Amino acid sequence: MYAYDACIAVAVLLHVLVCPYTKVEESFNLQATHDILYHRTDIDKYDHLEFPGVVPRTFIGPICLAAISSPGVAVVEAFNLDKFVCQYVVRIALGLLLTFGLAYFRSAVETILGSHVSVSFAVVTLCQFHLLFYASRPLPNVFALLLALVACRHWLLTKTSAFIWTSAAAIIIFRFELSFFLGLLLLSDLLCERARLMDVLKHGLFAGGVCLAATVLVDSFFWKRWLWPEGEVLYYNTVLNKSSNWGTLPFLWYFYSALPKSLLCAVPLSVVGLVVDKRMWTLFKPVLGFVFFYSFLPHKELRFIIYVIPMVNVIAGRGLAYVRTLFLAGMKQRSWWKLAVGAAVAGFMVCSCMVSIALTYLSHHNYPGGLAFSRLHQLAVDKKDSPVKVHIDVYTAQTGVSRFGQLYASWNYSKAEDLTVEELTEFSFLVAEAGAEETLNTHEVLEEIRGLTAFSLFKQIVRSPSSVLTPRAVILTRVRQ
């Protein structure tokens, strides 16, 4: 069974190598991990004090990630490798943690449903893109997903107290929306009398208090004020209802777009699983309820519901195990329809793999800021010991630039916003969104970075890559006067 876990780990590693950069949603955790590794207790040098973001986030995830990554970072420094290699180390560490979470969850699936379903779960997961792509990305949702996987394992094994403690950490520290999903799992246990209400209340109150105290104490130290980060996020999204400022989507978007794209071959296989095994409805009902209730929030992103993908993959794994049995029987009986069903499912899985490969390739071009920042250091390596000033605009900062990419100690890097044209003339290099050169006569284009212009699944798969790649970022150098 460990071979399948190793395959998942390799797939996660490949996603890191092909797409090493991160976006704005991942910025806080990545920058915080960098600052913990390099600045330690010198909080005044931390990035979040200068760029706090819309809402505060917890430092507990970055602290754990920095601790796990520190041996690898020490090796990088010992061999005097580029600082950016440490970003690979950090993301690989997170990806391996998530892989462990998937393996831990899969072992419970094997205990409850058998080895065939467990193996099928791993195979279905390997045919998908989004879960493995996100596995190494330092999003709050990914830290929460790791704990959700452990919680779901405890739920499958009817370990109520462990389930409650893990759920409390996931909900109170990282993502409060998990209270809907994990709460529905707990509710199903109460209705089926697999858990006692008094035990739930006892463990729930104690676990909630401990987790709340932990996040308040740790994060108040780093943010230099008393706060509960996830509480402020909850207030921002629900009471103030400001999440809609970042865009809205139709109520059913998760059902007709996000889930089909992320599940791929698991969609038809999960239907088979629900038909052939009534036990799968116990897993499916909380998934359906969570996605339905969360659909009321106008602002929608796949990462908000990513926690349900492993559970649906279990159902799909049950369906795949049934089809496998059917296909083997068809070979013995020479039944053409059973062989046809097996061939059709194999075709679905091959298509899923092809879609995943195409999305991985195209995602490489979706981080123009990171590519431009890296390229700048290559082009100006002869000035690495000079007092160079570099400005990074908002667009490039949101599409791949991080502190791990600041390679030269003698350079001054600035992400200051709303600078005037006169103020920008002070910088030797500008890393900016394409088109910035049209407003500046003091700088000229050193190099142009192409990136995606559309992120439609249909356009990504059907159109050639060259048709969706256009100038997205530029590296500008000051003209000598």
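Reader: Arginine 375: buried, exposed or partly exposed?
Author: In this predicted model, arginine 375 is partly exposed, with a relative accessible area of 28%. That value falls between the 20% limit for buried and the 50% limit for exposed.

Reader: Where is the place of arginine 375?
Author: Arginine 375 belongs to helix H18, which covers residues 368-379.

Reader: What is arginine 375 in contact with, leaving aside its neighbours within four places in sequence?
Author: Its contacts are Glu447 and Ile475, once those sequence neighbours are set aside.

Reader: And serine 69, how many Å from arginine 375?
Author: The C-alpha atoms of arginine 375 and serine 69 are 25 Å apart in space, and the two residues are 306 residues apart in sequence.

Reader: Switching to leucine 326. Buried or exposed?
Author: Leucine 326 counts as buried because its relative accessibility is 12%, and the limit for buried is under 20%.

Reader: Which helix is leucine 326 in?
Author: Helix H16, residues 308-333. Leaving aside neighbours within four places in sequence, leucine 326 is in contact with Trp337, Lys338 and Val341.

Reader: Now the backbone. What is phi of threonine 158?
Author: Near 60 degrees, which is a positive value in a residue other than glycine. Threonine 158 sits in the loop between helix H8 (140-156) and helix H9 (160-174). Threonine 158 is partly exposed, at 37% relative accessible area.

Reader: And phi of glutamate 193?
Author: Phi of glutamate 193 is also positive, near 60 degrees, and this residue is not a glycine either.

Reader: Where is glutamate 193 found?
Author: In the loop that runs between helix H10 (178-191) and helix H11 (197-223). Glutamate 193 counts as exposed because its relative accessibility is 71%, and the limit for exposed is over 50%.

Reader: Let's go to the whole protein. How many helices and strands?
Author: There are 22 helices and 5 strands. The radius of gyration is 24 Å, close to the 23 Å from the globule rule for 481 residues, so the protein is as compact as a globular protein of that length.

Reader: What box do the C-alpha atoms fill?
Author: Roughly 80 × 55 × 45 Å, taken along the principal axes.

Reader: What percentage of the residues count as buried?
Author: Of the 481 residues, 52% count as buried. The accessible surface comes to about 22,000 Å², and carbon and sulfur atoms account for 64% of that.

Reader: Which residues in the largest nonpolar core touch the most other members?
Author: Phe105, Leu178, Phe181, Leu182 and Met311, in a core of 129 residues. There is also a second, separate core of 8 residues, with Ala436, Leu440, Val474 and Leu476 among them.

Reader: Back to phenylalanine 181. What does phenylalanine 181 touch?
Author: Not counting residues up to four places away in sequence, phenylalanine 181 touches Cys152, Pro286, Val287, Phe290, Tyr307, Val308 and Met311.

Reader: What share of the contacts with a separation of 6 or more comes from residues 24 or more positions apart?
Author: Such residue pairs make up 79% of those contacts in the protein.

Reader: Last one, charges. How many Å apart are the mean positions of the positive and negative charges?
Author: 12 Å, for 40 positive and 34 negative charges.

Key
Residues numbered from 1 in each chain as written. Predicted model: local features only at pLDDT ≥ 70, side-chain atom pairs only at ≥ 80, totals over all residues. Heavy atoms only, no water. Helix = DSSP H or I, 4+ residues; strand = E, 2+ residues; numbered from the N terminus. Rg over C-alpha atoms; globule rule 2.2 N^0.38 Å. Buried < 20%, exposed > 50% of the residue type's maximum accessible area, 1.4 Å probe, protein only. Contact = heavy atoms within 4.5 Å. Areas by Shrake-Rupley, 256 points an atom, 1.4 Å probe, with all protein chains shown as cover. Lys, Arg positive; Asp, Glu negative; His and termini not counted. Charge placed at Lys NZ, Arg CZ, Asp CG, Glu CD. Core = buried A, V, L, I, M, F, W, Y, C linked by side-chain atoms within 4.5 Å.
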